[in-house]
Amino acid sequence: MPDVSVGKASDFADPGRKVVDISGTEIGVFRLGDDFFAYHNICPHLDGPACQGKILPCATEDVQPDGTSMGRVFSKTQMNIICPWHGYEFDIRTGKHPTDGRARLRPVNVSVRDGEVYVNVPAR
Amino acid sequence: MPLETSPRAGNIRELPEITVASDTRDYLAHAAKQALKYDDYELIVDMDAHLQEGGFWGEIIGLLENDVLKQTAEEMMRGRGGMPLINMQPGMSFQSMSGRVPHQSGPQEKTDDPAISGHRFVQIVRRTMDAMGCDYQVIFPTSMLHLGMNPMEDIEIYLARAYCRWLSEVIMPQDKRIIGLAYLPFNTPDECEKLVKQYADNPQIVGFTVCAVRHKPVHSNQYMRLYRMIEETGKPLIFHAGPHWDDPSFSQLNRFISMHALSFVHYNLIHMTNWVINALPERFPKLKTVWVESGLAWIPFLMQRLDHEVMMRQNEAPGLKRLPSEYMKEMFYSSQPMERNNLELLQATFKAINAETQLLYSSDWPHWDFDPPSSITTLPFLGDQAKRNILGLNAAKVFNLPVKRLRPRAADFLAQEAERHR
C-alpha cells in the first residue's frame, strides 16, 4: 500500500490526533510539536480502540530527595494516549506503557512532506 | 470532514474520539469484529452487566411504594439532582479514572424515539449485546451495590422492591434477551422472602442476588428459611461483590485502585468463608450459588487456606464432610475481572475451580474493568468446548435458559454498522 495522506499538518492540534480507518486498517496519527507519530488503533491489552481515547500528560509522583512524596503531578514532557476501554496509557512518543514497556502500541511509519501528513499502511 | 486521499487508498473514514456521548456500538466496534471469531458458538450469556441507575433514577423512585420516601426522594431530586437515598459519596466516585474511561460515566448517548424503539435502557442494552455478540445479558444494579450499608433499612427494602418492579414491569417485557435478578434486601430477611415468593415464577428473573457489600453474616439462622425457599425455586443465589471505601480497614488505603483491588475480593472472601465453614452446602445441597465480580485469583487462595486450617481445627467446622475446596469446586463463579497477566497462574486457577463446568462469562459492562467475550476466546490453554461452556452453556444450566441463538450474526451486525456510518 502506498503512502496515504491523512491531511495537512497544520490541521492537527498540538497536542492532537486523527484516527482513520483506511480500507479496514485503523491508524491513529498524533502530533506533538513538530513531530508526528502513528500507531495501529489496537490496544495490546484486549484490542480496544486505544488511539481514540483521551490525551493527557503522564501522571507522575513528586518524590523529594528525602523520600517524601508531595503527591501526584502531571508530567511537563510526556503526553499519553489512553485507551478508552480500560485506561491503558501509552507514551505518544514511544508507544510504550509507562509501567511495563512490553505493553506497547504497534507503530506505523508516518512522514510529513510539503505540509502533508502521510502514513504508510501496512499490508493486511 | 473528508480527508484528502491517494487515489489508491481505497475507503477512508475518520474515527472520532470516544467520549461519554459515544454510541455504544462505536465504543464496542472492535468487540463486534472480535465476535466474528465466535459467531458459531451456540449461546453467549453475559451473566453480569450493569444498569447505571443515574439516568433512570427518577423512574425507579417513581415506583417506590412508600409515600414518605417517595416524596423525600422526589424533593431531593428537584433540589439537587443526583441519586437520593443512595448511600454513596458522589465526590469519591473515581471509577471513570477522571474521564479516561468515559463509558463508566454514561450513558449519555443518543437513542431513538422510545415509542418506536423501546425504552432508552432497552435500546442501549440491545446495542451492547449485539456489538459484543451476546444472546442474553443478566442485569445488575450499580449504585445499589452499596445499599446493604445504608443505615436506614427501610430504604433498602423499598428501593429493592422498586428496582425489581422497574426491571420486571418496565424493562424486561420489552426484550426477552434482557434478564435480571431480584435484589434481596438482605438486612431484612422477611422482606427477602416476600420477593422470592413474588419472583419465583417470573421467567426473566433468573435468580436472586445479595449485593455483598454488607456486614451481615450469611450463616445467621435468620436466613435459613430464605435459603430453603430459594433452593426450592431452582434458581441460583448470587453474591455480587462491590467497593466500599468506608470499611474501617480500607480507610488506610490512599488510592481508589488499592481499595478497589481489595474490596471486591474482601466481601466475597468473608461471605464464602462463612458459607463453607458453617457447612451451608451440606444444609442446602441443591442451592446453586454464584460468586460474582471478584476475579478468580481469590478462589484458589481461599481453597488452600481453608483446607489447611480445617484439617487442624475440625471441631470448629463440624458440619463439613469434605474439604472446603471440594465444596467450592461445585459452586459457580463469574469470570470478570479476570486476572490475565500471568497465564500459568490463570491456567492453574481454571483447573482448581473446574472452570470448564463452573465458570460463567461476565462482562461487567459498562464498568471500567469490563471484559469482552474475547477475554475467554483468546485464552491459549482453553479448548473449544471449554470456551463454549464458559461463554454460555454453563450459564444456560445455572439459569435454565434455552440453548437457542437470539443474537444477530456478527457479519450482519457489522454490515448494519457500515450502513449506519455511510
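## Briefing: how chains A and B meet

Strand E2 (residues 16–22) of chain A and strand E1 of chain B pair in the antiparallel sense over four bridges; two strands pair if DSSP finds at least two bridges between them. This is a predicted model, in which local features need pLDDT of at least 70, side-chain atom pairs count only at pLDDT 80 or more, and totals for chains, interfaces and linings use all residues. Residues are numbered from 1 along each chain as its sequence is written, while chains are lettered from A and ligands numbered from 1 in the order in which they are written. Helices (H or I, at least four residues) and strands (E, at least two) are DSSP runs, numbered from the N terminus.

**Where the chains touch**

- Within the pairing with E1(B), Asp21(A) has Arg13(B) as its bridge partner.
- In total, 27 residues of chain B are in contact with 24 residues of chain A (contact: C-beta atoms, placed from the backbone, within 7 Å).
- On the side of chain B that touches chain A, the elements giving two or more residues are strand E1 (12–15), helix H2 (29–34) and helix H16 (374–377); E1(B) gives the most, with four residues.
- By class, that side of chain B has 11 nonpolar, nine polar and seven charged residues (Ala, Val, Leu, Ile, Met, Phe, Trp, Tyr, Cys and Pro count as nonpolar, Asp, Glu, Lys and Arg as charged, and the others, Gly among them, as polar).

**Chain A**

- Chain A has zero helices and nine strands, and its C-alpha atoms fill a box of roughly 55 × 30 × 20 Å along the principal axes.
- Of its 124 residues, 39% count as buried, that is, with 20 or more other C-beta atoms, placed from the backbone, within 10 Å of their own.
- Strands E8 (residues 110–113) and E9 (residues 116–120) of chain A run antiparallel and are joined by four bridges, with Ser111(A) opposite Tyr118(A).
- Two residues lie between the strands of this hairpin, where Asp114(A) takes a positive phi near 55°.

**A helix pair in chain B**

- Helices H8 (residues 189–199) and H9 (residues 224–233) of chain B pack at about 15° with axes 9 Å apart, so H8(B) is roughly parallel to H9(B) (angles under 35 degrees count as roughly parallel).
- Their contact involves Pro189(B), Cys192(B), Glu193(B) and Val196(B) of H8(B), together with Arg225(B), Leu226(B), Met229(B), Ile230(B) and Thr233(B) of H9(B).
- These contact residues divide into six nonpolar, one polar and two charged.

Terms used:
Buried ≥ 20, exposed ≤ 12 C-beta atoms within 10 Å, placed from the backbone. Axes fitted to C-alpha atoms, helices over the stretch in contact; angles between N-to-C directions. Parallel < 35°, antiparallel > 145°, perpendicular 65-115°, else oblique. Contact = placed C-beta atoms within 7 Å.
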